[in-house]
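This briefing looks at a set of annotated positions and at one further residue, with attention to where they sit and what surrounds them. Please read it alongside the sequence and the structure shown here.

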Amino acid sequence: MSLLRLTFLGTSAAQPTLHRNLSGLAVKVDTDLLLFDCGEGSQRQMVRFGTGFTVDAVFFTHFHADHYLGIIGFLRTLGMMGREHAIHLYGPPPARRLLHQAVHLGLESMSFPIEIHEVKDGDVVPRNGYSVQVVGVDHRINALAYALVEDGRPGRFHLEKAKELGVPPGPSFGKLQKGEAVTLEDGRTVQPEDVLGPARSGRKLVISGDTRPCAAVVRAAKDADLLVHESTFSDDEQARALETHHSTAREAGRVAREAGVRRLVLTHLSSRHDTDPAKLLTQAREEYKGPLEVAYDGFTLELPLRD
């Protein structure tokens, strides 16, 4: 796994604006394409920002309408495009009942399989080269965060050490890099640890969904390469944040600081901050001193491999 790229399809809370669509995040993981939430209009954003439609799975953080209604039209579009292979939909209960009703709305039958999975805190969805870990959060209804965690990688291959040990260039180098021992012509065996440096940890991406700041997200985001955290409100809207079980930008910054994340991106903005999120950025920076941005529709970033 080398490519890990995020494209923000929608960054507005509750209702779309002229500048921001409803919640949606496309994550390209090598050849996989995942969606995290699919607010109304997400498919148009996918066309606009060039993510493609070859989605393998959709992970819903919860089932407030602004986070999932876009799946209805998106699946119909996939059918019209001739999709045949299954798509997997994940979400907290009542995902099975609610998504079944949503995706079968209308008279046309779907032309490809739709697999609906209910997941809960602590579940892990294994995928090729990475996993998606499920984290329960604090919202008004059953809601989740997700942590995409890359498998660990072997240590760096030391070419000079391999040459000193008499390992011939070619397939033997590849075997050692994959963790396989190599037997040389003179009968000696070279172990991977003889030519590899320390194992390297994989990258971690954490997506908070809608939530009050909570210990579960802090734990999940420990040492994450990137935390995408909702920041619906500013300091002067703290009472509203408590009432609706959302976070302020300052609280998102505090979560990032406590978790020791390497980068923080704020999203899910109230329409009050639609065109000028400077206040949110300032308040989050007072808590978190690392790299920090406020997402906008079409904002794209790639996470580099860890050294």
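This is a predicted model: local features need pLDDT of at least 70, side-chain atom pairs count only at pLDDT 80 or more; totals for chains, interfaces and linings use all residues.

Two residues are said to be in contact when heavy atoms of theirs lie within 4.5 Å.

**His64 and His139**

- His64 lies in the loop between strand 4 (57-59) and helix 2 (70-80), and its side chain is joined to that of His62 by a polar contact of 3.4 Å.
- Leaving aside neighbours within four places in sequence, His64 is in contact with His139, Arg140 and Ile141.
- His139 is placed in the loop between strand 8 (130-136) and strand 9 (144-150), and it counts as buried because its relative accessibility is 7%, under the 20% cut-off.
- With neighbours within four places in sequence again left aside, His139 is in contact with His62, His64, Asp210, Thr211, Thr244, His245 and His246.

**Ser234**

- Ser234 is found in the loop between strand 13 (226-230) and helix 7 (238-244), where it is buried, with a relative accessible area of 0%.
- The side chains of Ser234 and Asp236 make a polar contact of 2.4 Å.
- Beyond its neighbours within four places in sequence, Ser234 is in contact with Thr248, His273, Lys279, Leu280 and Gln283.

How values were computed: Residues are numbered from 1 along each chain as its sequence is written. Side-chain values use heavy atoms; hydrogens and water are left out. Helices (H or I, at least four residues) and strands (E, at least two) are DSSP runs, numbered from the N terminus. A polar contact is a pair of N or O atoms within 3.5 Å; within protein, one must be able to donate a hydrogen and the other to accept it, and residues adjacent in sequence count only if both atoms are side-chain atoms. Buried means under 20% relative accessible area, exposed over 50%, partly exposed in between (1.4 Å probe, protein chains only).
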